[in-house]
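Subject: Structure handover and notes

Dear colleague,

I am passing the structure below on to you, together with some notes on its backbone and its helix packing. Please read them with the coordinates open beside you.

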Amino acid sequence: MNESRKVDPRDFITPPFTTCPKCSLRSFGILRVGPDNFLRRCRECYHMEAFDLPRVHKAIVYLDQFVISNLMLVRSGIKQVHPFYHALYNKLLNLSNLQAVVCPHSEAHSIESIVSAEHRQLRSGFEMFAHSVRFEEFDLIRAHQVFDRLAKWLARDSSQTCAISRNDVLRGGRPDVWVDRITVSVDMPPIPGLVDKLRDWRGKSHRGLVKVFEDTWKKQPERTWEYWRDREAGCWGPGLIPIFKREIAKWDDIINGRRQPEGPHEMQPHHYVTLILDTASTIESAGCPKEEKIRMAFEFLHSDTLAHSPFRQIAGSLYASLAKKATSQVKPPTEGFHNDVDVMSCLLPYCDAMFMDREIAAYWREIQGSPTHRLPFETRVFSLATTTEFFAYLDHLACEVPAEQRRLVAEVYA
């Protein structure tokens with residue numbers, strides 16, 4: 001026979017205990033921490049008081065999936081991993097406890113976990129140092145930048161600045177807050193058919209990249225890096241137009257009974273359809289005649305203004321670096337390269353540091369090391385080729401934590 005146990009409110013009052021100002025017993029413990037104060041409550045008389053906490057500013061450090069997987073193994077102890085990951089785990093745990101760093105998870109982490117047989121363990125891994133903070137889906141981040149550029153296009157503003165900040169692209173929780181010691185995670189099953197669709201999409205994306213690598217980049221070695229950057233940066237917008245037309249026709253067939261939807265994922269408008277329709281509505285609101293708004297939206301998608309959005313400049317630069325190496329590179333790019341470009345192009349402007357695959361990190365260092373190719377981002381990008389520098393960076397973050405913040409960490413998290 002199973003014995004039931006009632007929840008005792010005192011179970012949520014945890015050490016360290018101090019003397020209660022009301023009953024004078026040493027039972028005044030921590031009830032809750034964050035976002036900008038902490039609550040103490042007495043386990044005996046239930047007296048409660050709130051205490052302010054100073055503001056914190058945390059570094060946003062993005063960890064690629066292979067790093068997350070190894071940190072998960074360190075924590076679980078189920079498999080031996082390289083000593084680097086043990087040291088990294090300890091450094092990140094210390095910085096996390098010091099309220100100095102947060103490692104948000106992303107759509108890339110979610111996709112990797114969904115298609116893996118160990119999805120629950122991987123989910124636990126990418127939530128480890130995220131503290132409920134996550135990046136928006138890549139398409140939403142791109143949309144933020146698209147509308148930032150659209151505003152400039154409508155105003156005939158030629159500046160290259162982008163007003164989208166990290167607070168605009170982070171969800172689930174604010175990064176610069178004191179986190180509670182209790183977190184809740186819900187594992188939602190994927191939409192039926194989504195896993196197969198994701199695998200199919202990844203395969204098609206990789207085959208498309210290999211085709212460009214073999215049939216275009218390899219065969220035009222005379223082209224300059226700048227040519228490939230501009231070509232790749234500018235091709236995204238026009239590439240949405242045939243998708244838009246195809247999806248509109250498909251949706252018309254579904255509505256009129258000429259086609260049955262393949263699954264729940266086809267019951268919602270394609271995100272590119274939504275993006276272009278919202279773009280057209282914004283253009284109409286700016287004074288464009290209704291019958292011209294779609295045509296003008298297409299014109300904007302072809303514009304240099306859109307091509308100069310951060311995600312297109314980063315992606316274009318990375319693909320240009322790969323294109324210039326295509327002639328001498330025998331092996332085509334791996335399946336992960338396309339995913340890495342998505343991660344870098346969408347997330348890099350909002351991170352203080354990233355730890356990525358060796359290849360893409362090396363390309364980024366080449367780009368930023370060139371006075372003519374350099375992009376206006378100060379994000380530090382590390383890889384397994386620069387572990388010493390990464391540890392030095394993390395150690396610097398720890399040294400920068402104010403003494404008062406350290407004292408309060410010891411008081412509320414002990």
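This is a predicted model: local features need pLDDT of at least 70, side-chain atom pairs count only at pLDDT 80 or more; totals for chains, interfaces and linings use all residues.

Backbone geometry

The peptide bond from Pro15 to Pro16 is cis, its omega lying near 0°, and Pro16 belongs to strand β1, which covers residues 14-18. Another cis peptide bond is found between Gly34 and Pro35, where omega is about 0°; Pro35 sits in the loop that runs between β2 (28-33) and β3 (37-42).

Turning to phi, Ser24 has a value near 70°, which is positive even though the residue is not a glycine. Ser24 is placed in the loop between β1 and β2, and because its relative accessible area is 54%, over the 50% cut-off, Ser24 counts as exposed. Ser132 likewise is not a glycine and has a positive phi, of about 70°, and its place is in the loop between α4 (119-126) and β7 (134-135). With a relative accessible area of 42%, however, Ser132 is classed as partly exposed.

Helix packing: α5 with α9

Helix α5 (residues 138-155) packs against helix α9 (residues 271-285) at an angle of about 20°, and their axes are 11 Å apart. Because angles under 35 degrees count as roughly parallel, α5 is roughly parallel to α9. The crossing of α5 and α9 is right-handed. On the α5 side the contact involves Asp139, Ala143, Val146, Phe147, Leu150, Trp153 and Leu154, which meet His271, Tyr272, Leu275, Asp278, Thr279, Thr282 and Ile283 of α9. Sorted by class, the residues in this contact of α5 with α9 are 9 nonpolar, 3 polar and 2 charged.

Helix packing: α12 with α14

Helix α12 (residues 310-325) and helix α14 (residues 358-368) pack with their axes 10 Å apart, at an angle of about 100°. Since angles from 65 to 115 degrees count as roughly perpendicular, α12 and α14 are roughly perpendicular to each other. From α12 the contact draws on Ile314, Ser317, Leu318, Ser321, Leu322 and Lys325, while from α14 it draws on Glu359, Ile360, Tyr363, Trp364, Glu366 and Ile367. In the contact of α12 with α14, the residues divide into 7 nonpolar, 2 polar and 3 charged.

When its neighbours within four places in sequence are left aside, Glu247 is in contact with His270 and Val273.

Cysteines

A disulfide is a covalent bond between the sulfur atoms of two cysteines. When sulfur pairs within 2.5 Å are looked for, the count of disulfides comes to 0. As for individual cysteines, Cys235 is partly exposed, with a relative accessible area of 41%, whereas Cys346, at 0% relative accessibility, counts as buried.

Technical notes
Residues are numbered from 1 along each chain as its sequence is written. Side-chain values use heavy atoms; hydrogens and water are left out. Helices (H or I, at least four residues) and strands (E, at least two) are DSSP runs, numbered from the N terminus. Buried means under 20% relative accessible area, exposed over 50%, partly exposed in between (1.4 Å probe, protein chains only). Axes are lines fitted to C-alpha atoms, for helices over the stretch in contact, and angles run from 0 to 180 degrees between N-to-C directions. Angles under 35 degrees count as roughly parallel, over 145 as roughly antiparallel, 65 to 115 as roughly perpendicular and the rest as oblique. A crossing is left-handed if the near helix is turned anticlockwise from the far one by less than a right angle, and right-handed if clockwise. Contact means heavy atoms within 4.5 Å. Ala, Val, Leu, Ile, Met, Phe, Trp, Tyr, Cys and Pro count as nonpolar, Asp, Glu, Lys and Arg as charged, and the others, Gly among them, as polar.
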